Amino acid sequence: MLLIKNGYIKSMAGPDLPKGAVLIGDDGKIKEIAAEIAAPAGCDIIDANGRLVTPGCVDAHCHIGLDNEAVGWEGRDYNEIVDPVTPQMRAIDSIYPQDESFGNALRGGVTTACTGPGSANVVGGTFVAIKLYGNRVDNMIVKDPIAMKCAFGENPKRCYGQGNKKAPMTRMGVASLLRELLFKAKRYAEDKESGKNPGFDMKLEAMIPVIQGKIPLKCHAHRADDILTSIRIAKEFGVGLTLDHCTDGAYIAEELAKEGYPAFVGPSLGAKSKVELNHKSFTTPGILHKAGVKVSIITDAPVIPLQYLPMCAGMAASAGLEMEEAWRAITINPAQATGIADRVGSLEPGKDGDVVIWTADPLTTVSAEAYVTVVDGKIVYQQD
């Protein structure tokens with residue numbers, strides 16, 4: 001067992017506890033949170049000495065383990081650029097937990113990430129939610145799959161249409177390929193259900209959880225028209241949807257609030273490297289939140305290294321997002337929006353013992369990092 005005492009507890013499940021303790025059991029689950037907890041016999045104890053104690057941070061959209069720190073082609077395992085429609089690809093088959101980015105993320109207080117294929121393809125394959133500590137991905141899974149990756153806009157157009165004279169060359173082409181796949185998948189699922197026994201199709205098999213509403217489409221969309229096209233198609237087929245990147249979200253905030261889909265905003269730090277990033281800004285999360293959209297902040301790592309997720313939340317707070325909501329945007333909001341809030345995103349009895357003790361508040365102090373990081377009740381990083 002592990003007892004963390006004398007911490008400023010920000011549980012994300014209720015009011016802050018200015019001086020409190022967290023007890024984690026041998027099963028790696030949180031047992032109790034209170035002002036004072038008597039240490040059970042044989043319990044390991046960490047004295048937080050007044051430091052900030054929070055749940056481990058959660059990133060709802062990145063490519064850690066698939067797009068690695070290794071330089072060059074060998075470290076790039078996140079885009080199967082041979083066919084614009086590859087729903088049968090699975091993130092878990094490309095993840096390399098030995099990459100140094102995992103340790104860096106833990107040092108930065110990020111303990112869970114939703115990772116998967118990139119945005120070269122109209123449909124790229126399934127994302128998975130994993131813990132960032134471990135040496136075998138099978139033992140790190142929180143939920144698999146969590147979503148089916150789709151992409152709108154410049155990326156699929158550039159990878160296939162530009163100079164290759166291959167679909168999709170236009171935004172119309174991107175939408176038509178996604179619609180065609182959804183039509184076929186719906187019919188395939190209905191035929192299987194009715195006993196017609198259609199011939200096996202691996203692509204359509206992979207889409208059945210989407211058609212059945214078990215996982216959403218995870219739609220890469222920066223520009224306002226692409227965001228609204230993704231919503232239009234999701235509503236046509238009655239499937240779930242998350243709005244990933246949502247760069248132009250501030251321009252259509254009221255419309256997005258009416259629709260009710262969660263927005264994963266980012267990466268907001270760095271150059272505007274393509275046309276559809278022209279409106280990239282740290283003001284977007286605050287504008288969307290004030291309109292009534294549930295917002296999570298993402299790094300799209302390695303675009304922004306995963307350890308800087310809290311810093312990005314702090315920059316959004318300095319640009320207008322309420323401070324408490326900035327914390328929610330990297331903890332409970334992404335956990336809820338990706339369907340893993342039963343395990344992570346807040347400090348509550350019964351949830352996984354993923355806890356960070358900070359050297360300082362990372363949303364207000366650029367140099368802040370984890371003093372101790374705990375995953376499933378195990379100390380996985382500790383400052384010397």
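Me: What stands opposite T112 in β8?
Reply: T112 faces K131 there. The two strands involved, β7 (residues 110-115) and β8 (residues 123-131), pair in the antiparallel sense over four bridges. Strands pair if DSSP finds at least two bridges between them. Strands (E, at least two residues) and helices (H or I, at least four) are DSSP runs, numbered from the N terminus.

Me: Before I go on, what kind of model is this, and how are residues numbered?
Reply: This is a predicted model, where local features need pLDDT of at least 70 and side-chain atom pairs count only at pLDDT 80 or more, while totals for chains, interfaces and linings use all residues. Residues are numbered from 1 along each chain as its sequence is written, and side-chain values use heavy atoms, with hydrogens and water left out.

Me: Thanks! What order do the strands of the open sheet have?
Reply: The eight strands run β6-β7-β8-β9-β10-β11-β12-β13, with mixed pairing. β6 (57-62) and β13 (295-297) are at the edges with a single partner strand each, so one side of each has no neighbour in the sheet. From one strand to the next, the twist averages 25°, using lines fitted to C-alpha atoms as axes and angles that run from 0 to 180 degrees between N-to-C directions.

Me: Is C219 buried or exposed?
Reply: C219 counts as buried, because its relative accessibility is 1%. Buried means under 20% relative accessible area, exposed means over 50%, and partly exposed is in between (1.4 Å probe, protein chains only). C62 is buried too, at 0%.

Me: What does D244 touch?
Reply: D244, in strand β11 (residues 241-245), touches H61, K218, C219, H220, A221 and F264, not counting residues up to four places away in sequence. Contact means heavy atoms within 4.5 Å. D244 is buried, at 0% relative accessibility.

Me: OK, helices now. How far apart are the end C-alpha atoms of α3?
Reply: They are 33 Å apart, which agrees with the 33 Å that its 23 residues should span at 1.5 Å a residue. The expected span is 1.5 Å times one less than the number of residues.

Me: What caps the N-terminal end of α3?
Reply: T170 does, with a side-chain oxygen 3.3 Å from the backbone nitrogen of M172. A polar contact is a pair of N or O atoms within 3.5 Å; within protein, one must be able to donate a hydrogen and the other to accept it, and residues adjacent in sequence count only if both atoms are side-chain atoms.

Me: And which elements do the buried residues of α3 pack against?
Reply: They pack against β8, β9, α2, α4, β10 and α5 (224-237). Just after α3, G195 takes a positive phi of about 85°.

Me: Last one: which residues of α4 are buried?
Reply: In α4 (residues 202-211), L204, A206, M207, I208, V210 and I211 are buried. At the start of α4, a side-chain oxygen of D201 comes within 3.0 Å of the backbone nitrogen of K203.
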